[in-house]
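Welcome! Please take a look at the sequence and the picture, then read along.

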Amino acid sequence: MSAPERAPGGPLLEGRGLEVRFGGVRALQGVDLTVFPRRVVALIGPNGAGKTTLFNLVSGFYRPAAGTLRFDGHDLTRLPPWRIARLGILRTFQTLRLFPALSVLDNALAGRHMHGGGEPWQAALGLPSFHRAERRAQEGAMAALERVGLADRAHVPAGSLPYGDQRRLEIARALAGEPRLLLLDEPAAGMNPAERRPLAALVRDLCERDGITVLVVEHDMRFVAGVADEVVVLDHGVELARGTPETVRRDPRVIEAYLGSGRRQRDGASGGGA
Ligand SMILES: Nc1ncnc2c1ncn2[C@@H]1O[C@H](COP(=O)(O)OP(=O)(O)OP(=O)(O)O)[C@@H](O)[C@H]1O
Ligand SMILES: [Mg+2]
């Protein structure tokens, strides 16, 4: 891959004037996004605000109708999802996308595929390169499971894990791809407070200890306040506010957007979160 042009100390991810349309619906319009390395940035906003759409843009699942999107000097708007993953942008999904019948380890291994494991023809010839690649993939997947505290469950079917652990496995699968930028779409959704606290600690630690930059969509403001350096608020496809969790939480426009959407206070930016 060609050497990227990158200003030292500049943002890792930078979007300008991003627009996505679905027929008559403008899911995003004129959205700017700046994410500096080794930061945790939270993306919040009412249902339908465009949060997942923004993730789909960054991970290459959608192309913007307008705007620019750069990651570490690369123009993301021209790259297919697998190339973007190979640059180190890995994601989880809002609804779980695990293979319940496969083992926890095999699910984590799925996250390493774009690193190019052994090819089947190499296996058929019994080439050492195949076995080396396979071993590296297994080690990477196990390390990812250890990181999220699931190494001791590596050989049970993913579907047998409690729900909160399945969500952690989704993160492990992304970690197995060795992310520089990790996109987490509502990682704490459906978790109880006892599961959320260690998850927030894990996300913070991935940033501080492993140097992974994180963009996280989450509704629970207590979770957001515990992990995020900065919060970006979207509403109806436009940026409504940005700032620290504290300033955003007190912003009347943000409170209005959440209350106006009918979202309950326990989920909303106006409340203490659950
Ligand atoms: N593939 C699609 N086809 C048509 N419309 C879409 C598509 N994806 C998203 N939309 C629309 O774009 C808007 C933004 O949706 P998006 O899923 O990004 O919202 P969100 O902020 O992630 O919401 P939620 O909190 O419910 O997950 C919504 O109006 C949604 O209906
Ligand atoms: Mg969403």
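Let's begin with a charge and a ring: the charged end of Arg 83 sits over the ring of Trp 82, 6.0 Å from its centre. "Over a ring" is meant here as NZ of Lys or CZ of Arg within 6 Å of the ring centre and within 35 degrees of the ring normal. This is a predicted model, in which local features need pLDDT of at least 70, side-chain atom pairs count only at pLDDT 80 or more, and totals for chains, interfaces and linings use all residues. Residues are numbered from 1 along each chain as its sequence is written, chains are lettered from A and ligands numbered from 1 in the order in which they are written, and side-chain values use heavy atoms, with hydrogens and water left out.

**Rings and their neighbours**

- A charge also sits over the ring of Phe 61: the charged end of Arg 91 is 4.9 Å from the centre of that ring.
- A pair of aromatic rings is described by the distance of the centres and the angle of the planes.
- The structure holds two aromatic pairs; rings of Phe, Tyr and Trp (its six-membered ring) pair if their centres lie within 6.5 Å, and planes under 30 degrees apart count as stacked, over 60 as edge-to-face and the rest as tilted.
- Phe 22 and Tyr 62 form an edge-to-face pair, because their planes stand at 75° with the ring centres 5.4 Å apart.
- This pair links distant parts of the chain, with Phe 22 in strand S1 (residues 13–22) and Tyr 62 in the loop between H1 and strand S4 (66–71), 40 residues apart. Helices (H or I, at least four residues) and strands (E, at least two) are DSSP runs, numbered from the N terminus.
- Phe 22 is partly exposed at 41% relative accessible area, and Tyr 62 is partly exposed at 29%. Buried means under 20% relative accessible area, exposed means over 50%, and partly exposed is in between (1.4 Å probe, protein chains only).
- Phe 61 and Phe 93 make an edge-to-face pair, 6.0 Å centre to centre with 75° between the planes.
- Phe 61 lies in the loop between H1 and S4 and Phe 93 in the loop between S6 and H3, 32 residues apart.
- Phe 61 is partly exposed, with a relative accessible area of 42%, whereas Phe 93 is buried at 14%.

**The magnesium site**

- Which residues hold the magnesium ion (ligand 2)? Thr 52 (OG1) and Gln 94 (OE1) coordinate the ion, at 2.0 to 2.2 Å.
- Thr 52 belongs to helix H1 (residues 51–58) and Gln 94 to the loop between S6 and H3, so the two tie together parts that are 42 residues apart in sequence.
- Donors are N, O and S atoms within 2.8 Å of the metal (3.2 Å for Na, K and Ca); water is not among the atoms, so sites may look incomplete.
- Thr 52 is partly exposed at 25% relative accessible area, and Gln 94 is partly exposed at 33%.

**Helix H6**

- Helix H6 (residues 163–176) has 14 residues and reaches 20 Å from its first C-alpha to its last. That is close to the 20 Å expected at 1.5 Å a residue, where the expected span is 1.5 Å times one less than the number of residues.
- Is H6 mostly covered or uncovered? It is mostly covered, with 12 of its 14 residues buried, among them Gly 164, Leu 169 and Ile 171.
- The buried residues of H6 pack against several elements, including helix H5 (128–147) and strand S7 (181–185); contact means heavy atoms within 4.5 Å.
- After H6 comes Glu 178, whose phi is positive, near 55°.

**Salt bridges**

- The structure holds 17 salt bridges; each is a side-chain nitrogen of Lys or Arg within 4 Å of a carboxyl oxygen of Asp or Glu.
- Arg 147 and Asp 210 form another salt bridge (2.7 Å, N to O). Arg 147 is in helix H5 and Asp 210 in the loop between H7 and strand S8 (213–217), 63 residues apart.
- Arg 147 is buried at 18% relative accessible area, whereas Asp 210 is partly exposed at 35%.
- A network of salt bridges links Arg 147, Asp 205, Arg 209 and Asp 210.
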